[in-house]
Amino acid sequence: MSSFQFRHFIIHQDRCAMKVGTDGVLLGAWASLPSFTTAPENNTSLLDIGTGTGIIALMLAQRTALTPTSRPFDITALEIDPTAAQQAQENVAASPWHDRITVHPLSLQAFAETCSPKKFALIVSNPPFYNATLKPTDEGRALARHKDALPVSDIARFASTHLCENGRLALIYPTAYDSEVMTAAVLSSLHPVRICDILTKVGKPCKRRMAEFSLQNAPISREQLIIRDADDKYTADYRALTADFYLHLSD
């Protein structure tokens, strides 16, 4: 599918190695937005690491559009693949929030060298977690799918120095990598504060997990999201989470 129509924006993806998928939509809909009063000192900067088509950045822009703040949110989106970054920028430019999102054709590591001392209220990433020995032959798809260029340890380390005091790092990842993610967080002095187990269908094992981390140690909020029920229909919880984005949510 060369394009994907959402309620309030369209994603063109013919030049992106990784297409719109459930993981990105879930994270974009689930990640906790910062809580704000209208005080001018509120941090309204968000960061999407490995934006791909720009889907998560655009979802965050849609969600923050209705959030009352004293100044507009600004969203930075990073994409190491220059072709994908260009298409993400085109998707952003065609959206209602083109003035809120800036796409940088940079790796996280390169961005880290230039952005200090900028802080973010929310950092999100749908990082690659595939073993390097199983790389596809296409270079763009390899960059998008494999963790060589974006190890979770680099994400956690960046978050530990670039989150504002009450900021959050939100990730989605296969549960097989839970130990790697949690270890990276601990080594970077980040604390898990919210965890959501994702089941593709009721009765199935959890193979995906979303987690939020903070610089502040707090009790962990645990959630479960089931995408389809026993009749293979989308559950009410899944519909409620994604209803503002999907144009059609057919069974």
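A residue is called buried here when its relative accessible area is under 20%, and exposed when that area is over 50%. The coordinates belong to a predicted model, which should be kept in mind at every stop.

Start by selecting helix α7, residues 178-187, and colour Val-181, Met-182, Ala-184 and Ala-185, which are buried. If you look down the axis of α7, these buried residues fall within an arc of 160 degrees, so they line one face of the helix. Turn to the face of α7 that points away from the buried side, and you will find the exposed residues Ser-179, Val-186 and Leu-187.

Next select helix α4, residues 108-115, where Leu-108, Phe-111 and Cys-115 are the buried residues. Viewed along the axis of α4, they fall within an arc of 60 degrees, and they therefore line one face of this helix. As background, an α-helix has 3.6 residues a turn, so residues three or four places apart point the same way. On the face of α4 turned away from its buried side, look for the exposed residues Glu-113 and Thr-114. The packing partners of the buried residues of α4 are β3 (45-49), β4 (74-78), β5 (101-104), β6 (120-125) and α6 (152-162).

Which residues have the most contacts inside the largest nonpolar core? They are Phe-6 and Ile-101, in a core of 43 residues, to which helix α2 (residues 55-64) gives the most, with 7 residues. Centre the view on Ile-101 and show Ala-57, Leu-58, Ala-61, Ile-75, Ala-77 and Val-92, which Ile-101 touches when residues up to four places away in sequence are not counted. A second, separate core has 27 residues, among them Leu-78, Ile-123, Ile-155 and Phe-213.

Ser-189, in the loop between α7 and β8, has a phi near 60 degrees, a positive value in a residue other than glycine. Asp-232, placed in the loop between β10 (221-228) and α8 (236-242), likewise is not a glycine and has a positive phi of about 65 degrees. Most residues other than glycine have a negative phi. With a relative accessible area of 36%, Asp-232 is partly exposed.

Conventions. Residues numbered from 1 in each chain as written. Predicted model: local features only at pLDDT ≥ 70, side-chain atom pairs only at ≥ 80, totals over all residues. Heavy atoms only, no water. Buried < 20%, exposed > 50% of the residue type's maximum accessible area, 1.4 Å probe, protein only. Helix = DSSP H or I, 4+ residues; strand = E, 2+ residues; numbered from the N terminus. Arc of directions from axis to C-beta. Contact = heavy atoms within 4.5 Å. Core = buried A, V, L, I, M, F, W, Y, C linked by side-chain atoms within 4.5 Å.
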